[in-house]
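Please keep the structure in view while reading.

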Amino acid sequence: MMGNQGNPQLRGWGRHWSVVLFLAVLAGIVIWAMLNLGPWLRAWQDQRAARSAQEQLEKAYRNDKYGGATPEETFDMFIAALEKGDIDLASRYFVFNKQDNWRKTLEEYKTKALLGDFIFELKNTEKSWEKNQTQDPNIIEFYSFVEIEEGAQVEINGRKISIPAGRHTNTTRFEKYPSKVWKISIL
C-alpha cells in the first residue's frame with residue numbers, strides 16, 4: 001500500500017483543508033477578540049481621552065493669568081472690568097467651571113441696566129468683609145452681613161425670590177490657582 005504520499009490528489013486536499021482549518025481558527029480568534037476585547041478597548045480609549053482632557057485642564061490652570069496676587073486684588077480687578085463694561089474680562093476672574101454662567105448673568109445685568117447697581121453692591125460688600133482663612137491655604141472666604149428691615153423680593157434669572165427680614169450673610173470665596181492667581185469661586 002502506498003498511502004496518501006503516492007496520490008497527488010489527496011496531497012492537494014490535505015493542504016486545502018489545512019488552509020481552511022487555519023482560516024476558521026483565525027476567524028474564531030478574531031470574533032472572540034471583538035466580543036471580549038471591544039469593551040476593554042473602548043474603556044482604554046475613554047481613559048486616554050479623559051487623561052488628555054485632564055492634562056489640558058491642568059495646563060489651562062497653570063497658565064491662567066486672570067486674577068490678582070491676593071483675593072482682594074482679584075476682586076478689585078473684577079470690579080474694574082465691570083466698570084469698563086467688559087463682561088468677558090470680568091467673567092475670567094471666576095474659576096473655570098463658573099465663567100460661562102457668570103458671563104451670561106453679567107450680560108443680562110448689562111442688558112437690563114443693572115450693572116451699576118451690582119457694582120455699587122459689590123463695593124459696599126467689600127467694605128464690610130470679614131476674612132476667614134479656611135483649612136485649605138488655597139481657599140479664602142470673606143463674609144459680609146446685610147440687615148434687611150422689611151422682607152424684600154428680588155428677581156434672579158426671571159424668578160422672584162422672597163428675602164425675609166433679618167441679618168443675612170454673604171459669602172465670597174476665592175481659590176488660588178497653580179498659576180498663583182486668585183479666582184472667585186463663590187460670589
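Predicted model: local features only at pLDDT ≥ 70, side-chain atom pairs only at ≥ 80, totals over all residues.

**Helix H5**
- Helix H5 spans residues 115–127, which makes 13 residues.
- From its first C-alpha to its last, H5 reaches 19 Å, close to the 18 Å expected at 1.5 Å a residue.
- The buried residues in H5 are Leu115, Phe118, Ile119, Leu122 and Thr125.
- Viewed down the axis of H5, these buried residues fall within an arc of 125°, so they line one face of the helix.
- An α-helix has 3.6 residues a turn, so residues three or four places apart point the same way.
- Asp117, Phe120 and Lys127 are exposed and sit on the face of H5 turned away from its buried side.
- The cover over the buried residues of H5 includes helix H2 (71–84), helix H3 (87–91), helix H4 (96–111) and strand S2 (139–148).

**The sheet**
- Four strands form an open sheet, in the order S1-S2-S5-S6, with antiparallel pairing.
- Strand S1 (130–133) and strand S6 (182–186) are the edge strands, and each pairs on one side only.
- From one strand to the next, the twist averages 30°.
- S2 and strand S5 (residues 166–176) run antiparallel and are joined by ten bridges.
- Phe145 stands opposite Thr169 in S5.

**Helix H2 on the sheet**
- H2 packs on the sheet and touches S1, S2, S5 and S6.
- The direction of H2 makes about 75° with that of S6.
- H2 is also among the elements that cover the buried residues of H5.

Notes:
Residues numbered from 1 in each chain as written. Heavy atoms only, no water. Helix = DSSP H or I, 4+ residues; strand = E, 2+ residues; numbered from the N terminus. Expected span 1.5 Å × (residues − 1). Buried < 20%, exposed > 50% of the residue type's maximum accessible area, 1.4 Å probe, protein only. Arc of directions from axis to C-beta. Contact = heavy atoms within 4.5 Å. Pairing = 2+ DSSP bridges. Axes fitted to C-alpha atoms, helices over the stretch in contact; angles between N-to-C directions.
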